[in-house]
Amino acid sequence: MGRSYIVEDDVEGYLSRLCSQLAGPVTGLLIGQSTVQRDFVVMTTRTPQNDESADGGKSVDKEWVSEHARQVSRMLPGGLSVLGVFIISESDAKDTLTTLRQLVFSVENLISSERLWTPADDDVTDCVTLHVNPKTRKTVCRTFDVKDPKSVAKPADWKYQSGVCSSWATVSCCLSVDLMVPLPENMAFTRNMDDCLKEELKVWAQQIERGVCLIDGKKLPEDSELKAGQKKNVRQTISAQLLITPDVQTAADVVQRCGGCVSVRGAIHSRAFLHSNKPKAKLAEKLLKRDIVSTVATRVQMLLEEPQKQNEENKGRKQMEQSCLPRRVFCPVKSTGPLSVCDYQFSDEGLSEMTDRFKEMLDMDAAEEDLDATCEIIAEVIESEATEEEEPAEENEMLDPWRNNYIGVAMATAVALLALAASIMYLSDV
Amino acid sequence: MVLADSESAVILRLRGPLDLKCQLDCIDEVPMQKAISRTFEALRLQVKSESCVLAVCNSPVLIWPNKSVFEEITPDAPFEDIFQFIQTDDQETSGKRSTKKKNRKGVSTSVINLSLMMEATKPGPASAPILTRTVQKSHLLCATLPMDCAVWSSWSDTIKDGCERLMKALTRQLFEMEKVTLQCMKGTTLRVPEPLHFLLPEPNGLVTVVFPRGEPDKELEAQRRELHGQFELPDNRPFFRRANAYHFPNEPYKDGYLRNPHTVLTHPTLDNGKVYLVQGIYSYHHYMQDRMDDNGWGCAYRSLQTICSWFQQQGYVERGVPSHKEIQQALVEVGDKQASFVGSRQWIGSIEVQAVLNHLLGVTSKIMFVSQGSELASKGRELANHFMTEGTPVMIGGGVLAHTILGVAWSETTGEIRYLILDPHYTGAEDLQVITEKGWCGWKGPDFWDQTAYYNLCLPQRPRVI
C-alpha cells in the first residue's frame with residue numbers, strides 16, 4: 001500500500017507555470033508534513049539558477065539541488081520539512097526516476113547531517129518524488145525509503161485539494177537558552193570553538209528532548225488528541241511550556257583547566273505547525289522540540305559560518321568577544337492559512353535582504369510589511385575588548401554582495417575559512 | 001531540622017539536580033571563594049524565581065511555588081488529595097485513596113516524591129541569543145548539586161503550606177551546601193556537597209545533613225561530634241555515619257534481602273511484662289540464599305551473616321556481609337581451623353561466631369552458657385539488659401541447631417518469658433507474609449529450646465564510637 005499525498009491546490013498552479021516557462025529540466029523541492037497518519041505537501045519551490053554552473057543549468061546538478069534543500073530546510077519552522085524533489089522534464093521516465101532517486105538521497109543525507117535531534121521510531125522515512133512532463137502535464141509520483149540504500153520506487157497517490165492547511169494549528173513558545181562550554185587549554189584555532197560548541201549543543205539538544213512538555217498548561221498523555229482543526233478556517237494557536245532538568249555531571253574532577261569559555265545566552269521563539277487531522281499530543285511535542293533544537297543550532301551554525309574577525313594571539317591577556325545570533329523573522333505563506341516560513345536577520349541586515357532571500361530560496365513574493373519581526377528582538381552587544389576598530393567598516397562592505405547570493409556565501413565562506421586557517425598557522429607562533 | 005509529629009504520616013521529599021557552573025579566573029583562595037559564593041547566590045535566586053517548578057512524581061500535578069500556580073489541584077486542598085492523582089504500580093491502589101494511610105504495625109509513613117524542575121519557556125518577545133567567547137587561561141567549575149529535601153507534613157496540611165516549607169528547606173540546603181563546599185575546598189580540589197537524611201530519636205525526628213561526597217566516614221568524625229552535640233545525642237553510638245542514612249519507606253532495597261521482618265508482628269503482652277528488642281536494622285539471612293545451598297549445615301553461618309548485616313547497617317563497619325567461604329577463611333586466619341576447613345560443610349558454633357566477628361569486624365562479644373535448655377527461661381534479665389544496652393542480634397547455638405534471638409518479652413515479677421526468634425533454616429523466597437505467618441520470624445515460648453541440651457549464646461557488643 002503506497003503513500004497518499006494530499007497536495008495544496010496552489011502547488012498545481014505553480015508547477016503548471018513552471019512547465020510553460022522554461023526550457024531544459026527544472027528541479028525543485030516539495031515541502032510539507034509527513035506523519036504516520038497523513039502526508040501533506042503544502043509548498044513547492046524551484047531550484048534557483050546557478051550562475052556559476054558549467055553548462056548553464058542544462059543538466060541537473062545534484063550538489064546544487066542538495067545545497068538549496070539544506071538552506072531551505074533552515075527556513076522551515078517545525079512541522080514543515082523538505083519531503084522530496086520534483087522534476088519537470090520531457091526525458092524518459094526511467095532516466096528521470098534514476099535522477100530523482102539520486103537527488104532525494106543526496107538531499108536527505110545533507111539535511112540529516114546537520115540535525116542534532118535523534119530520529120524517532122515513528123518517523124516517516126519515505127521521501128516523495130514527482131515527475132511532471134511539461135508537454136502532457138502528466139505527473140508520476142513515487143516514494144523511496146531513504147533509510148534503505150537499496151530501496152526501490154513505490155507508487156504513491158498525488159491528490160490536489162484546496163484549503164489543505166487552512167485549519168492547521170500552530171504550537172509556539174519562547175524559550176530561554178543558557179549554554180556554557182569550556183574551551184580546551186591550547187586554543188589556537190577558531191575551529192576548536194566550533195567543535196566544542198557543537199558538542200555542547202548536542203548535549204543541550206538531549207536535555208530539550210528529555211524535557212517535560214506542557215500543552216496549554218497541562219501534561220497530556222502521549223496519545224491524547226488535540227482539539228486542532230475541529231473548526232474549519234479558524235486559526236488555532238496552542239501554547240506550550242517546557243520544563244527541564246540539568247544533565248548530571250559525572251566528571252571526577254569538578255574543577256578543570258580551560259582556555260576560556262563560550263556561552264550562548266538569550267531566548268528564542270519556536271514554532272511548529274500541526275496538521276488538522278486529529279493530531280496527537282505526542283506529535284506536537286516532537287515537532288516543537290525539534291524546532292527548538294533546529295533554530296538554535298541553525299543560528300549558531302550561521303554565526304560560525306560568518307567570516308571570523310581575525311584576532312591575534314594575545315597571550316595572557318583576557319580577550320572577550322560578543323556576537324549576536326541572528327534573530328528569527330517570519331513570513332506568512334499566502335493562501336495556506338496559518339503557515340509561515342522563517343529566516344534569520346543579522347543586526348547589520350535590513351528587511352529588504354530578507355525579502356530577497358525569500359524570493360531566491362522559496363520563490364516567494366513577499367513585501368517588507370508582510371514580515372513579522374516582532375517575535376524576537378536583537379539584543380545589545382557590548383564592545384569587544386580586542387583592538388580592531390578600523391576593520392568592521394571594511395568587512396561590511398565585503399560581506400554585502402555575498403549576502404545577496406546566499407548559497408554563494410556558504411560555499412565561499414568554507415573557502416575563506418580555510419584560507420584564514422592557513423594564514424593563522426603562518427602568523428601565530430604556537 | 002524539622003520536628004517529627006507523632007501523628008504526621010507523610011514525608012514530602014523534593015529532589016532534583018541543579019547545575020553549579022562557574023568560571024574561575026583566578027584560583028587563589030579568596031577570589032575562588034567569592035566566585036563560588038556568587039554562583040550559589042545565583043542558584044538561590046533561581047529557585048526563588050517564577051521558573052521554578054515542583055512536579056509530583058507519577059502524577060500530572062505541577063506546582064509553581066513562587067507564583068502560586070497549581071495545576072490539577074488547589075492550593076488550599078489538604079495533602080491527602082494528592083494521593084488520588086498518583087499512579088502506583090500496585091493495581092489495588094490506583095486511583096483510589098491509598099491504603100498506605102492505614103496503620104499496619106507501628107506508624108506507617110507515606111512519602112510524596114516531588115521533582116525539582118525549571119521552566120525554560122517564558123513569555124515573549126525573546127531577546128535573541130548572544131554568543132560570548134572568552135579566551136583566557138582559567139578554570140571552570142562544573143558540577144551537579146543533588147538537591148534532596150525532606151519535610152514532615154501531616155495529612156491535613158494544605159499543599160500550599162507544604163510547598164512553602166519545601167522551598168524554605170531548599171534555600172537552606174543551598175546555604176549549607178555553599179558552606180560545606182567552601183570548608184572542604186583544598187586548592188582546586190572540590191567535593192560535591194551531598195545531602196543525607198537521618199531519622200533521629202524524638203524530639204529531633206528527620207534531619208538533613210550535608211556531607212562532602214566521597215569523603216570517607218573516618219575523616220568526618222569531627223563533624224559528627226559537632227552534630228552529636230548540637231542534637232544532644234549520646235556520644236557512644238553512631239547516628240550520622242553514611243550507613244545510618246534514613247531509608248525511605250517507598251524505596252526498595254536493591255539487594256533484595258528483607259529488613260526487620262519482626263516489625264510486622266504483634267508482640268506478646270505479659271503481666272507486668274515488657275518487650276526488649278534489637279535496635280536498628282538487620283537483614284534476614286537464611287538457607288539457600290545467594291545461590292548457596294547450605295541446607296542442613298549453614299544455620300550458624302546465616303545467623304552470623306544477620307549479625308554482620310546489623311553492624312554494617314548501623315554504620316559500624318563498611319565491609320559487606322561475609323560469604324560462607326570468607327567466614328571459613330577468617331577462622332583459618334585466626335588459627336581456629338585448618339586450611340582444609342575452607343570449602344567444607346562443617347558446622348560452626350558461638351565461639352567461632354565470636355572469633356569471626358572479632359577478626360572481620362573488630363567487634364567483641366560476650367559468651368553466655370547454659371548447661372540445659374530449661375535454664376534459658378531464667379535468663380530474662382540478662383537478655384533484656386543486652387537488648388537495652390547493646391541492642392544487637394544474638395546468635396544461639398545448641399543441640400544441633402543455631403538461631404538468632406532478636407528480642408525478649410519478659411516480666412520481672414512473674415518471670416514469664418518469650419523469645420523473638422529469627423530462624424535461619426528457612427529455605428523459601430523473601431516473602432514477608434510466609435515468613436511471619438509460618439513463624440520463621442516469630443515469638444516462641446521457653447519450650448522452643450531442647451530442655452536437656454546445652455546452649456551457647458554469642459552476644460555481640462556495640463563499639464563505643466560515633
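The exercises below concern a predicted model and proceed from chain A to the interface and then to chain B.

**Exercise 1. Characterise the overall make-up of chain A: its secondary structure, burial, contacts and surface.**

Solution. 
Step 1. Chain A contains 8 helices and 16 strands.
Step 2. Of its 430 residues, 51% are buried.
Step 3. Among contacts in chain A with a separation of 6 or more, 76% are between residues 24 or more positions apart.
Step 4. The accessible surface of chain A is about 20,400 Å², and carbon and sulfur atoms account for 50% of it.

**Exercise 2. Locate A:Arg74, classify it as buried or exposed, and describe its surroundings.**

Solution. 
Step 1. A:Arg74 belongs to helix H2 (residues 62-74) of chain A.
Step 2. Buried residues have a relative accessible area under 20%. The relative accessible area of A:Arg74 is 7%, so A:Arg74 is buried.
Step 3. Leaving aside residues up to four places away in sequence, A:Arg74 touches A:Glu114, A:Thr298, A:Gln301, A:Met302, A:Glu305, A:Cys342 and A:Tyr344.
Step 4. A network of salt bridges links A:Arg74 with A:Glu67, A:Arg70, A:Glu114 and A:Glu305. A:Glu114 and A:Glu305 are also among the residues that A:Arg74 touches.

**Exercise 3. Examine the salt bridges A:Arg290 with A:Asp123 and A:Arg357 with A:Asp343, and state which parts of the chain each pair links.**

Solution. 
Step 1. In the salt bridge between A:Arg290 and A:Asp123, the N to O distance is 2.8 Å.
Step 2. This pair links distant parts of the chain, 167 residues apart: A:Arg290 is in helix H5 of chain A, and A:Asp123 is in the loop between helix H3 (93-114) and strand S5 (126-132) of chain A.
Step 3. A:Arg290 counts as buried because its relative accessibility is 14%.
Step 4. In the salt bridge between A:Arg357 and A:Asp343, the closest N and O atoms are 2.6 Å apart.
Step 5. Here the partners are 14 residues apart, with A:Arg357 in helix H6 (residues 351-362) and A:Asp343 in strand S15 (residues 340-345) of chain A.
Step 6. A:Arg357 has 2% relative accessibility and therefore counts as buried. A:Asp343 has 2% relative accessibility and likewise counts as buried.

**Exercise 4. Describe the interface between chain A and chain B by its residues, buried area and polar interactions.**

Solution. 
Step 1. At the interface, 64 residues of chain A are in contact with 45 residues of chain B.
Step 2. About 4,900 Å² is buried between the two chains, with carbon and sulfur atoms giving 59% of this area.
Step 3. There are 3 salt bridges between chain A and chain B. One of them joins A:Glu200 to B:Lys21, whose closest N and O atoms are 3.9 Å apart.
Step 4. Several elements of chain A each supply at least two residues of the side that touches chain B, including helix H4 (190-210), strand S12 (255-274) and helix H5 (281-305). The largest share of that side, 15 residues, comes from S12(A).

**Exercise 5. Determine the setting of B:His286 and identify its polar side-chain partner.**

Solution. 
Step 1. B:His286 lies in the loop between S10 and helix H4 (299-313) of chain B.
Step 2. With 1% relative accessibility, B:His286 counts as buried.
Step 3. Beyond residues up to four places away in sequence, B:His286 touches B:Arg302, B:Asp423, B:Pro424, B:Tyr426, B:Gly428 and B:Glu430.
Step 4. The side chain of B:His286 makes a polar contact of 3.1 Å with the side chain of B:Glu430.

Terms used: Residues are numbered from 1 along each chain as its sequence is written. Chains are lettered from A and ligands numbered from 1 in the order in which they are written. This is a predicted model: local features need pLDDT of at least 70, side-chain atom pairs count only at pLDDT 80 or more; totals for chains, interfaces and linings use all residues. Side-chain values use heavy atoms; hydrogens and water are left out. Contact means heavy atoms within 4.5 Å. Buried area is the accessible area (1.4 Å probe) that two parts lose on being put together, summed over both. A salt bridge is a side-chain nitrogen of Lys or Arg within 4 Å of a carboxyl oxygen of Asp or Glu. A polar contact is a pair of N or O atoms within 3.5 Å; within protein, one must be able to donate a hydrogen and the other to accept it, and residues adjacent in sequence count only if both atoms are side-chain atoms. Helices (H or I, at least four residues) and strands (E, at least two) are DSSP runs, numbered from the N terminus. Buried means under 20% relative accessible area, exposed over 50%, partly exposed in between (1.4 Å probe, protein chains only). Accessible areas come from the Shrake-Rupley method with a 1.4 Å probe; for residues, only the protein chains shown count as cover.
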